[in-house]
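These are my notes from one sitting with the coordinates.

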Amino acid sequence: MVKNIKSILITGGAGFIGSHLIRHFVRKYPNYNIYNLDSLTYAGNLENLKDIEEVSNYEFIKADITDETKIIELFRKYQFDKVIHLAAESHVDRSISDPLAFVKTNIIGTINLLNAFTSLWKGNFQDKLFYHVSTDEVYGSLGETGLFKETTAYSPNSPYSASKAGSDHFVRAYGETYGIPYIISNCSNNYGPFQFPEKLIPLMIHNIIQGKELPIYGDGKYTRDWLYVEDHVEAIDLIFHKAAKGETYNIGGLNEWKNIEVINFLCEILDDKLNREKGSSEKLIRFIKDRPGHDRRYAIDSTKIEKELGWKPKHSFQQGLEDTVSWYMQNKEWLENVTSGRYLDYYKKQYL
Ligand code: NAD
Ligand code: TYD
């Protein structure tokens with residue numbers, strides 16, 4: 001590690017967004033020491049970071065954020081100046097079958113990090129930061145119109161979003177009560193390479209490649225605001241370096257699509273790339289029982305980050321989806337590794 005430079009902790013760095021963020025920070029900021037703390041759950045995979053594992057300003061730490069003693073010990077040892085907290089249980093369907101796992105990691109884990117940060121710096125917070133990465137799902141569901149703003153009231157509907165809302169509240173409360181310098185951002189649905197194939201887009205890509213059924217919950221007209229993961233990473237970078245402490249930012253793509261439309265796009269792209277007859281992948285679509293508490297529509301108003309920090313998404317949905325599909329096709333081994341073993345048990349319970 002490089003001496004006498006900022007020590008930055010990124011939690012959940014072996015997951016989907018975390019791995020993109022780690023790669024971006026390690027490469028762009030050689031003058032930061034980047035520590036990736038991750039417990040490597042089913043969603044964490046060090047394969048995602050193979051290309052940077054030997055870089056001198058990067059270190060992986062295997063630890064669980066629910067382990068209070070270990071987290072305090074690590075903060076003492078590494079003296080983290082700044083934290084970007086992404087580690088979480090992140091899948092809504094899993095939160096419906098095991099809510100407590102979400103409370104443990106997303107709420108108690110976050111409090112452990114907040115306590116360790118607060119007790120290490122003991123009120124001497126100059127040049128310190130606790131940046132909490134959250135989701136737009138904390139706002140609940142929109143009707144046909146309207147957008148989530150930073151001022152929209154929290155109204156979470158799933159155990160996942162309730163646990164993320166709880167963690168957001170604790171971060172804010174530690175700011176008010178103990179004076180910690182914090183920032184929170186709430187982002188819409190991400191997609192891109194390295195996303196675990198339990199989430200809509202990689203699950204559908206995987207199933208189309210395999211010729212398996214494409215399970216659509218309910219009427220398929222649920223709407224999400226899709227953002228390419230690297231656009232999210234750019235937003236986090238800007239917020240981390242430029243935002244004032246105590247601020248919150250919504251991040252989104254102004255890119256709303258119904259689930260059925262997204263799946264149709266993927267079918268078209270893959271029919272073409274796999275040289276299949278036009279329309280053949282669409283035949284795999286199956287409408288299945290709806291998800292309980294399913295949020296109808298998410299959409300973000302990102303005026304604040306655009307105006308204050310000059311952020312705008314750079315990737316069009318068409319290009320982002322093409323690139324994502326190509327990545328999964330070129331990384332069959334990665335896909336096979338993460339979809340064997342435990343994934344098959346999960347898949348059977350969820351869909352069969
Ligand atoms: P992910 O599930 O791909 O990765 C989560 C990572 O956290 C994994 O590497 C996992 O091993 C690690 N982790 C889980 N429990 C842990 C624990 N107890 N201790 C240490 N590490 C643990 O998630 P993601 O999609 O990359 O999301 C990252 C963050 O961004 C989450 O906080 C999520 O709520 C938020 N977010 C995600 C999206 C999205 O569309 N994926 C959108 C907005 C916000
Ligand atoms: P998901 O990727 O799980 O993200 P989130 O629920 O956090 O928005 O799901 C995105 C949308 O796709 C959501 O409306 C649920 C729907 N969906 C399906 O229709 N079928 C599936 O198999 C999955 C995983 C999701």
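Over the face of which ring does K82 lie, and at what distance from the ring centre? I found K82 over the face of F240, 5.5 Å from the ring centre. The model is a predicted one, and I kept that in mind throughout. I then looked up another lysine: K128 sits over the face of W121, at 4.2 Å from the ring centre.

**Aromatic pairs**

I turned to rings facing rings. The structure holds 32 aromatic pairs. One that I looked up is Y29 with Y32, which is stacked, with 4.9 Å from centre to centre and 25° between the planes. Y29 has 13% relative accessibility, so I count Y29 as buried, the cut-off being under 20%. Y32 is buried too, with a relative accessible area of 10%.

I next took F194 and W327. For burial, I noted 14% relative accessibility at F194, which counts as buried. W327 is buried as well, its relative accessible area being 13%.

I also looked up a cluster. Y42, F196, Y217, Y343, Y346, Y347 and Y351 form one aromatic cluster.

I went back to F194 for its backbone. F194 has a positive phi of about 70° although it is not a glycine, and its place is the loop between β7 and α6. N275 is another non-glycine residue with a positive phi, here about 55°. I place N275 in the loop between α8 (259-273) and β13 (285-288). N275 has a relative accessible area of 72% and is therefore exposed, the cut-off being over 50%.

**Helix α4**

I checked the length of α4 against expectation. Helix α4 covers residues 99-121, 23 residues in number, and at 1.5 Å a residue it should span 33 Å; the C-alpha atoms at its ends are 33 Å apart, which agrees. I did find a kink of about 25° in α4, centred on I108. Just after α4, K122 takes a positive phi of about 40°.

**Empty space**

I ended with cavities and pockets. Rolling a probe the size of a water molecule over the atoms shows where empty space is left. The search of the whole structure gave me two cavities of 30 Å³ or more. The largest cavity holds about 50 Å³ of space. Its lining consists of V92, E137, S158, R224, R291, P292, G293, H294, D295 and Y298.

Which residues lie nearest the centre of the second largest pocket? I listed D93, R94, S97, Y346 and Q350, out of 20 lining residues. This pocket has a volume of about 540 Å³. The elements giving two or more residues to the lining of the second largest pocket are α3 (92-97), α4 and α12 (342-351). The largest share, five residues, comes from α12. I note that Y346, one of the residues nearest the centre of the second largest pocket, is also a member of the aromatic cluster above.

Note on methods. Residues are numbered from 1 along each chain as its sequence is written. Chains are lettered from A and ligands numbered from 1 in the order in which they are written. This is a predicted model: local features need pLDDT of at least 70, side-chain atom pairs count only at pLDDT 80 or more; totals for chains, interfaces and linings use all residues. Side-chain values use heavy atoms; hydrogens and water are left out. Helices (H or I, at least four residues) and strands (E, at least two) are DSSP runs, numbered from the N terminus. The expected span of a helix is 1.5 Å times one less than its number of residues. The bend at a residue is the angle between axes fitted to the seven residues ending there and the seven starting there. Rings of Phe, Tyr and Trp (its six-membered ring) pair if their centres lie within 6.5 Å; planes under 30 degrees apart count as stacked, over 60 as edge-to-face and the rest as tilted. Buried means under 20% relative accessible area, exposed over 50%, partly exposed in between (1.4 Å probe, protein chains only). A charge sits over a ring if NZ of Lys or CZ of Arg is within 6 Å of the ring centre and within 35 degrees of the ring normal. On a 1 Å grid over the protein atoms alone, a cavity is a set of points where a 1.4 Å probe fits but cannot get out, and a pocket is an open set with protein on both sides within 12 Å along at least five of seven lines; lining residues have an atom within 4 Å of a point. Grid points are joined across faces, edges and corners, and a volume is the space filled by probe spheres set on the points.
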